[in-house]
Amino acid sequence: MTRQRRNQEARQRVLVAMSGGVDSSVAAALLVEQGYEVIGATMKLFCYGDDVPDRPCCSLDSIADARAVADRLGISHYLLNLEDRFGRDVIGNFVDEYAHGRTPIPCVRCNSFTKFRDLLAHADALECDAIATGHYVVQRDGALYRGRDANKDQSYFLWGIDRSVVARMRTPVGECTKAETRAAARTLGLVTADKPESVEICFVPTGDYLPVLEQHLPSDAPALAPGPVVTTTGTVVGEHQGFARFTIGQRRGLPGGFPEPMYVVAIVPDACTVVIGTERDLYGRVVTLDELNWLTADPPRPGDTCDVQVRYRAPAVPARVAPNGGPPGSLRLELLEPVRAIAPGQSGVLYDGSRLLGGGIITGQEPRWTSSAT
Amino acid sequence: MATPAIYLDNAATTPVLPEVRDVMLPFLDATAFGNPSSRHRFGRVARAAVERARAQVAAAIGAEPGWIYFTSGGTEADNLAVLGGALAAKAGGRPFRVAVSATEHKAVLAAAHAVDGLGGEAVTLPVDGDGLVDLGGLDEALAGGVALVAVMWVNNEVGTIQHVATLADRCAAAGAWLVCDAVQALGKVPCALADLPRAMLALSAHKIGGPKGTGALVVPDAHAVHPLIHGGGQQGGLRPGTENVAGVVGFGQAAERAGRQAHAAAAHVGALRDALEAGLTRAIADAVVHAARVPRAPHVTNIAFPGTDSEALLMHLDLAGVCCSSGSACTTGAVTPSHVLTAMGVPRDRAVASLRFSFGPQNTMAEVEQALDVVPQVVEKVRSLGAVLRR
């Protein structure tokens, strides 16, 4: 059927990414209720192989659950194999970032590249007007806002998508609390109503990402090789077994014997060095972002203020765009209050109130402990 | 979807024929629900119906009624023949070894694998580029000593018709049984078991307008096969269990019709298949029909559309109302080339870009014309999507 003919019937066709979890199941159900012509799609993104126990997301059980929900709703459901692309754009980047001493967020990459670019290409080929997910975020008039459930809000992961896509996004569960979503799933009799939350990274089946790095990096990769642990004054206090095992703010795996708790405050990949310091050394007042992306036609300019969030579930803090923003393509933000554990590789996401403005990847040049010491 | 769907997947299954449904209904009602093993009148009614069905199936494939053992379908019949046949050979001091062609149905391949797992041996027979079993490979396997050789009459994915008579003669001369999966042959090509020495056939009802869950193993000598399930003495103990009376009755009716109308039905589906092939190869310059150089069953065609992948094609065709299939069922979304096309030497990129269209008596030329409108557009669309996703 052509798009023209469907428009005459005043029925929009929407492709729903169904992971087999409760949120996207309810998203599909709500869109059916709202009168959309709904097509369900489950993305096959990677393969665990035979020897990994089943998991709540992206597993065969999840595909079966998504199918069962689609059958229950009476909608078409297809499996889309995006393994090659996901492997390159998400898993490959994940490994590369750790290899460079950063702490990546694969969900951001998946949204930017896999869901709202590759899946969108499928949606276009299927002549879909819109694309939907189970994200807790609200799309209104072509802009994205935080989800109504403050505990579940996932807008932090969505700063990187193409601005032109936003108006085509449908976000039916964004106005729900998680409890309401589950209640809706139960009312609809969906098999996924009481599925446990998936909290881990989908392709890190055990919750331990080290095996993924070991699988993809050469065995002599510097990121996995022993190196010095030093204090902020440069004193060597021990050895680590690979800087990829560490992230800013981490305590686990560090040498003991200090008068106060010590944390990773920096990773210097070129020297294979992990720098540790005190709680105070973790706080920073400057964040520099690159790989910028804007979901507004009017991005903040030097001197403008906005709110910035530097970790998932961390509160956003007020910030001012520095008058002389670093190198081209980057954005330097002066935080109006110090923020703990700003980790290169994580996302710095800008908001105006609840509206998502855009964001970027936190770069690694800023030595936090000196800026907090001065 | 508002578009009426066109069903071109009759090799997967067929709609139950109205005349089949009609003869089954009494056995789903309170009138003829009896157990065929019962001595009373209810039992007699059911028993008579089962025996009539047995005769109908036998007549359709040129066999004696006593050779028919009803099963739960083609998969069970294949397992009974291959695994049961191997176990009988082992018990009789013959080689505990089976040879199976590389293009067999998974039911046969998996049963052969099970023989291997039980301490026996499974040998794979290579095929040529059109799917015909290599006779040199067959002779080699026979010379090495095998209990049975499994080669399907008509391949379910590409339609290749094997030289069954030749294969049966060579097997018989070597003292081996030919196990012939005739699921796709029944009603499509002439089949007469009586002409074949030392051969047994596996059949399925739902490929010929009968109900799902019913099939048969046809074997002239019950001692050639050991039972795989054990129970009461039904069907000579070779396949015990209370008969699926309604299913068997439907199978009998469908088989009778298949035998009666084989010629006309073959002409009908053959004309549709040829029209689709001609139209698609005309519209899509680089489309390739698999096994095109050898005699094929009239109801099936398998075509490669280079530069596409079958999963994407199936999805878009389904949305456009054209229902067909790729060679193999795909449960995980992993694009795995068909083992049949792979065995025929078809390159991977072409194998994963192949679709099977299969016809039944209910299909019409108008449907073929509609498919000819849709398929080239979908192929074009999937090719451009592939280009986008490769960027």
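The crossing of H2(B) and H7(B) is left-handed, meaning that the near helix is turned anticlockwise from the far one by less than a right angle. This is a predicted model, in which local features need pLDDT of at least 70, side-chain atom pairs count only at pLDDT 80 or more, and totals for chains, interfaces and linings use all residues. Residues are numbered from 1 along each chain as its sequence is written, with chains lettered from A and ligands numbered from 1 in the order in which they are written.

**Helix pair**
- The axes of helix H2 (residues 41-60) and helix H7 (residues 245-260) of chain B come within 8 Å and cross at roughly 30°; axes are lines fitted to C-alpha atoms over the stretch in contact, with angles from 0 to 180 degrees between N-to-C directions.
- H2(B) is therefore roughly parallel to H7(B) (angles under 35 degrees).
- Residues making the contact include B:Ala46, B:Arg52 and B:Gln56 of H2(B) and B:Val245, B:Phe251 and B:Glu256 of H7(B) (contact: C-beta atoms, placed from the backbone, within 7 Å).
- This contact divides into 13 nonpolar, 4 polar and 2 charged residues (Ala, Val, Leu, Ile, Met, Phe, Trp, Tyr, Cys and Pro are nonpolar; Asp, Glu, Lys and Arg charged; the others, Gly among them, polar).

**Domains**
- Chain B is divided into domain 1 (6-14 + 262-390) and domain 2 (18-260), with bounds from an automatic or database domain assignment.
- Taken over C-alpha atoms, the centres of the two domains are 28 Å apart.
- In chain B, 25 residues of domain 1 are in contact with 28 residues of domain 2.
- The domain 1 side of this contact divides into 13 nonpolar, 9 polar and 3 charged residues.

Terms used: Contact = placed C-beta atoms within 7 Å. Helix = DSSP H or I, 4+ residues; strand = E, 2+ residues; numbered from the N terminus. Parallel < 35°, antiparallel > 145°, perpendicular 65-115°, else oblique.
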